[in-house]
Amino acid sequence: MLSFEPYGNPTYFALLGVALLPLMIGLLYGKRSRLYETLISIFFLVLTFGGPKWTQGIALIIYILYEVMLTWGYAVYRKQKNSGPVFYLMVILAILPLTVVKVTPAVENGQASLIGFLGISYLTFRAVQTMMETRDGTLKDYQVMTFLQFMLFFPTISSGPIDRYRRFEKDYRSVPDRATYLGMVQKGVRYIFVGFMYKFLLAYYFGSILMPKLQVMAMHSRGGFMDLSWPVLGYMYAYSADLFFDFAGYSLFAVGTSYLMGIATPMNFKQPWRSPNIKDFWNRWHITLSFWFRDFIYMRLVFWFMKHRVFKSPRTTANVTYIINMLVMGFWHGVTWYYITYGLFHGVALVINDAWLRYKKKHRQSVPHNRFTQLFAIFLTANLVCFSFLIFSGFLNTLWFTK
Amino acid sequence: MDVKETVLSILSDLTGNDVSGAMDDNLFDSGLLDSMGSVQLLLQLQSQLGVNVPVSEFERSEWDTPNKIVKKVESLA
């Protein structure tokens with residue numbers, strides 16, 4: 001049986017084109033066929049999770065039923081009552097499968113958990129977000145069918161972008177007028193073609209040609225201070241370029257495909273290498289993830305800390321929450337020393353960044369601000385980010401701890 | 001004090017700037033507000049005006065200028 005990585009090869013794109021054509025003609029004539037959308041969703045889900053990967057498919061089905069039960073149950077409950085402990089319990093239960101999947105390799109010598117499947121994190125983000133908005137009362141009209149469509153929307157199922165229930169629902173329940181839709185098609189097609197260049201040319205070059213060579217060279221040049229060498233530096237840049245082009249390329253495919261289906265899934269990248277500081281970098285890099293963390297972890301924690309006056313000053317509150325927020329992000333990537341260090345690195349970087357911005361605001365007269373300082377800021381930020389990606393890559397683990 | 005005045009005084013406390021002369025400037029783009037500032041704003045609105053805004057109601061694009069914030073608060077007060 002056929003089986004594909006989403007957007008993995010030309011056949012996948014050919015099938016995608018054929019499957020989307022009737023849907024696109026429908027949208028052009030102002031019609032959205034739920035039945036057809038559901039059928040092609042199932043078709044592509046089977047392609048991704050069927051055949052040799054059928055165990056993942058089963059895991060996905062059980063997971064979805066479990067999350068539907070929780071979110072639906074909570075939505076019904078929330079109409080009657082609103083107790084804090086019940087809400088926390090539900091969130092913990094919703095995160096439980098993901099936690100098991102993330103912790104299993106760390107305690108079972110790298111063995112993957114049986115309940116895992118491609119995209120479980122991204123689905124968990126969507127489910128938890130739905131629950132939190134139900135708790136706040138911002139999401140009042142929870143519908144099981146919409147929730148299912150939202151969770152199983154096939155263009156973004158494996159790695160995001162992470163949409164929001166209410167935003168998705170708005171698009172999904174309506175049909176864009178013809179002019180708007182034609183604009184979306186134009187954008188969608190362009191995104192997909194830029195995606196081809198990113199993923200199949202640039203990411204391929206950096207990831208599959210350059211990186212392995214540099215890796216071998218770096219391993220041969222061990223022995224110096226912390227085993228560092230020029231090839232390690234080269235690896236750092238090649239890995240960063242690969243990470244960006246691979247993920248941005250994938251995201252362009254996912255967003256482009258969504259657009260063709262008349263759903264304006266939010267963008268994931270916005271010229272991240274132009275960021276003048278780390279704070280701004282997180283507004284431009286893996287945006288739907290960092291905004292998810294901002295809205296559902298950072299802001300909520302800050303709100304809670306300040307309301308209960310846990311820390312004396314707002315500054316301390318912000319700093320502690322930065323560290324917690326980024327550490328959680330680190331743990332989410334996986335329970336290894338390098339993911340956690342990566343999270344800590346960015347947490348500390350945000351704290352320093354904020355202190356610097358405050359200093360700059362206070363001493364506006366004496367801190368120079370010109371074209372050169374701007375370029376220097378961009379250069380410094382990009383290099384700090386690349387260094388954090390070197391930690392993230394796990395290559396230092398190979399460099400230091402393998403024979 | 002009416003809603004507008006209260007909102008402006010909260011904003012000037014939070015940002016350290018008098019924003020009444022730039023009612024349509026984007027507070028996030030200029031760096032005057034960030035997530036931390038947003039939460040402080042929500043808490044102040046709660047304590048000074050009794051307006052309850054849950055964090056998930058805070059859609060940045062609807063709260064990014066003094067004018068938009070005043071309008072939003074007036075609609076909720």
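An unreviewed UniProt entry annotates Ser35(B) as "modified residue: O-(pantetheine 4'-phosphoryl)serine". UniProt positions follow the numbering used here, feature names are shortened, and annotations may be inferred rather than shown by experiment. This is a predicted model, in which local features need pLDDT of at least 70, side-chain atom pairs count only at pLDDT 80 or more, and totals for chains, interfaces and linings use all residues. Residues are numbered from 1 along each chain as its sequence is written, chains are lettered from A and ligands numbered from 1 in the order in which they are written, and side-chain values use heavy atoms, with hydrogens and water left out.

**Stop 1: around Ser35(B)**

Colour helix H2 of chain B, residues 35-49; Ser35(B) is in this helix. Helices here are DSSP runs (H or I, at least four residues), as strands are (E, at least two), and they are numbered from the N terminus. Is Ser35(B) buried or exposed? Ser35(B) counts as buried because its relative accessibility is 10%. The classes are buried under 20% relative accessible area, exposed over 50%, and partly exposed in between (1.4 Å probe, protein chains only).

Now show what Ser35(B) touches. Leaving out residues up to four places away in sequence, the list is Arg294(A), Tyr298(A), Met299(A) and Arg60(B). Contact means heavy atoms within 4.5 Å.

Next, select Asp34(B). Asp34(B) sits in the loop between helix H1 (3-15) and H2 of chain B. Which residues is Asp34(B) in contact with, leaving aside neighbours within four places in sequence? They are Lys279(A), Tyr322(A), Asp354(A), Phe28(B) and Arg60(B).

**Stop 2: Lys72(B)**

Stay in chain B. Select helix H3, residues 66-76, and find Lys72(B) in it. Lys72(B) counts as partly exposed because its relative accessibility is 22%. Beyond its neighbours within four places in sequence, Lys72(B) is in contact with Glu62(B) and Trp63(B). From C-alpha to C-alpha, Lys72(B) and Glu62(B) are 7.9 Å apart; in sequence they are 10 residues apart.

**Stop 3: the domains of chain A**

Switch to chain A and colour by domain. The assignment gives domain 1 (10-169), domain 2 (176-267) and domain 3 (270-403). Such bounds come from an automatic or database domain assignment. How many residues of domain 1 are in contact with domain 3 of chain A? There are 17, and they meet 14 residues of domain 3. The centres of domain 1 and domain 3 of chain A, taken over C-alpha atoms, are 28 Å apart.

**Stop 4: the second largest pocket**

Colour the lining by class: 24 residues are nonpolar, six polar and six charged. Nonpolar covers Ala, Val, Leu, Ile, Met, Phe, Trp, Tyr, Cys and Pro; charged covers Asp, Glu, Lys and Arg; the others, Gly among them, are polar. Domain 1 and domain 3 of chain A each supply at least three lining residues.

**Stop 5: Asn325(A)**

Follow helix H12 of chain A to Asn325(A). Asn325(A) counts as buried because its relative accessibility is 7%. Residues up to four places away in sequence aside, Asn325(A) touches Phe293(A), Ile297(A) and Tyr298(A).

**Stop 6: backbone details**

Most residues other than glycine have a negative phi, and most peptide bonds are trans. Select Asn109(A), in the loop between H4 and H5 of chain A. Its phi is positive, near 55 degrees. Last, select Gly160(A) and Pro161(A): a cis peptide bond joins them, with omega about -5 degrees. Pro161(A) is in the loop between helix H6 (144-152) and helix H7 (165-172) of chain A.
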